[in-house]
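Trainee: Could we go through this model together, one question at a time?

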Amino acid sequence: MPSLNDLVDRVERLLVRHEELTRTNTLLEQQVQALTVERDSLRSRLAAARARVDALLDRLPLESTDSQKSGT
């Protein structure tokens, strides 16, 4: 049977480990939040870039693509 001192040591180690895990979890939550913000920003930038490309494609003259298809 473990002595009282052994149990106290184990409980103290568990408390230290719990504190470490709590700090690690907090840091990971902060990283997730930062990455979520970055992802949302990148998605927004991608959507804006797609809209600009679509607008440029809409401005291309249709005649040039038709003449290329017919081989003239």
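Trainee: How many helices and strands does the secondary structure of the protein chain come to?

Mentor: This is a predicted model, in which local features need pLDDT of at least 70 and side-chain atom pairs count only at pLDDT 80 or more, whereas totals for chains, interfaces and linings use all residues. Residues are numbered from 1 along each chain as its sequence is written, and side-chain values use heavy atoms, with hydrogens and water left out. Helices (H or I, at least four residues) and strands (E, at least two) are DSSP runs, numbered from the N terminus. On that basis the protein chain comes to two helices and zero strands.

Trainee: What percentage of the residues in the protein chain is buried?

Mentor: Buried means under 20% relative accessible area, exposed means over 50%, and partly exposed lies in between (1.4 Å probe, protein chains only). Of the 72 residues in the protein chain, the buried share is 0%.

Trainee: Which residue forms a salt bridge with Arg39?

Mentor: A salt bridge is a side-chain nitrogen of Lys or Arg within 4 Å of a carboxyl oxygen of Asp or Glu, and by this rule the count comes to two. Arg39 is partly exposed at 39% relative accessibility, and its closest N to O approach, 2.9 Å, is to a partner that is itself partly exposed at 38%. That partner is Asp40.

Trainee: Is Leu4 buried or exposed?

Mentor: Leu4 lies in helix α1, which covers residues 4-59. With a relative accessible area of 65%, Leu4 is exposed.
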